[in-house]
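Here are a few exercises to work through with the model on screen. Try each task before you read its solution.

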Amino acid sequence: MGKTAIEKIISNKSHKDAVAGDIVIADLDLIMAQDGNAPLAIKMLKEELGTSKVFDHEKVILVIDHCGPAPNQGAANLQQIMRQFAEDANIKLFDSGEGVSHVLLPEKGMVKPGDFVIGSDSHTVTYGALNCFGTGMGSTDITTGMYTGQAWVRVPESIKVNLRGSLPPYVSAKDLALEMIRAIGVNGATNMCLEISGDGLKSLNMDERFTLCNMAIEMGGKCAIMPMDEVCQRYLAERMGHIPEGIWSDEHANYIAEHTFDLSSLEPLVALPHSLENIASLREVSGKRVDICFLGTCTNGRLSDMEAASRILKGKKVHPSIRLNITPGSREVYSKSIELGYIQIFIEAGAVITPPGCGACIGTHLGIPGDGEYVLSTANRNFKGRMGNSNSFIILGSPETVAATAIKGSLAAESDIEMEVESYGL
Ligand SMILES: CC(C)[C@H](C(=O)O)[C@@H](O)C(=O)O
Ligand code: SF4
């Protein structure tokens with residue numbers, strides 16, 4: 001019997017012949033802690049393990065993304081703890097405005113094929129697009145990892161996801177992610193690895209692949225993994241200056257389930273309040289009320305997302321009944337969006353641009369909805385209260401849907417997206 005890619009990575013890192021179901025202790029290549037829980041991990045390290053040092057100062061990274069720049073005194077003081085610790089332990093800290101960790105770390109070339117990466121954040125699964133094992137862990141495991149350079153892990157079973165064909169115009173990777181959730185279910189991949197490959201992957205750029213892997217956790221997935229192909233190699237070469245070796249599944253590896261998605265048959269989708277179980281096609285709900293449109297997050301805050309929205313918003317105005325908030329995923333995305341003219345398009349359309357980070361996605365600041373308001377967001381979660389107000393309603397959709405809705409003043413339809421783009425002769 002052959003091995004899956006994830007079994008191979010964990011075998012390498014645990015120095016054992018690990019198969020699905022085994023529990024092993026494995027070596028870590030990178031540990032990321034964000035401001036939501038890094039202060040707790042630092043406290044445990046200091047008070048329970050009696051140290052301010054980490055096992056390898058190049059393999060531990062802190063990111064202030066959930067709450068930066070600090071919106072209140074409490075957050076500001078917690079961030080002081082992180083800065084002080086970064087200095088004491090001589091580790092890298094990305095401060096407010098650098099971006100969301102999951103956009104940032106790949107951009108900085110810090111994640112590579114075959115790695116075992118843990119983060120104090122469930123969307124660490126995003127890194128699977130770079131042919132590695134990325135998973136979220138709680139503060140205790142993060143603390144232990146910082147101290148020992150290892151973490152215990154149960155080797156996940158893999159679900160094979162085959163992608164075929166290519167996406168039609170105005171249908172995006174976000175729509176594919178929502179379709180995958182509809183087919184697999186919000187608990188359908190619990191503790192498993194989503195192994196995503198097939199001919200259809202070729203047509204997806206890295207930003208689109210990050211979007212897909214990012215949402216593996218919304219199916220319960222422990223991780224996602226994609227093969228290293230030319231697209232991935234090009235990205236890594238640009239970011240790392242060389243192309244590391246990839247790792248992939250054997251032909252006769254064992255899968256717990258298999259799903260095939262024909263990309264060319266997809267249409268724009270949305271997830272209605274208050275759950276990703278409520279997926280509907282955009283055409284069924286077009287015209288429904290929206291008050292705030294939000295473009296950003298570790299799901300859809302990358303350059304391709306800014307580009308997609310700018311194509312639709314070019315020369316247009318945001319509808320007077322809508323507020324459009326845009327949060328570039330990182331400083332690099334922000335800066336390139338300025339260079340390429342996207343930010344000017346957004347400003348002229350009437351959007352508000354916020355500093356890069358998580359911001360409104362988790363309801364810490366920068367765009368909390370009011371009572372009874374409807375938000376159309378490019379984020380990955382629409383639980384009740386997610387954006388900081390349990391009396392509001394969150395709908396999830398693609399950057400294209402958000403941009404077209406911002407112009408229309410109510411939930412757009414696919415034809416609206418098409419019309420907005422075509423009316424500008426693009
Ligand atoms: C705050 C953090 C622990 C959380 C996560 O783990 O994902 C957040 O980033 C989220 O998206 O809900
Ligand atoms: S952008 Fe949203 S989903 Fe992503 S890490 Fe931040 S809070 Fe979590």
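**Exercise 1.** Sort the residues of the shell around ligand 2 into nonpolar, polar and charged.

*Solution.* Start with who is there: ligand 2 is surrounded by His-66, Val-100, His-102, Asp-121, His-123, Thr-297, Cys-298, Cys-358, Cys-361, Ile-362, Ala-379 and Asn-380 (a residue is near if its C-beta atom, placed from the backbone, lies within 6 Å). Now sort them: you get 6 nonpolar, 5 polar and 1 charged. Here Ala, Val, Leu, Ile, Met, Phe, Trp, Tyr, Cys and Pro count as nonpolar, Asp, Glu, Lys and Arg as charged, and the others, Gly among them, as polar.

A word on the model: it is predicted, local features need pLDDT of at least 70, side-chain atom pairs count only at pLDDT 80 or more, and totals for chains, interfaces and linings use all residues. Residues are numbered from 1 along each chain as its sequence is written, while chains are lettered from A and ligands numbered from 1 in the order in which they are written.

**Exercise 2.** Find how many residues of domain 1 and domain 2 are in contact.

*Solution.* Count pairs whose C-beta atoms, placed from the backbone, lie within 7 Å. That gives 33 residues of domain 1 against 35 of domain 2. By class, the domain 1 side has 12 nonpolar, 12 polar and 9 charged residues.

Note on methods: Contact = placed C-beta atoms within 7 Å.
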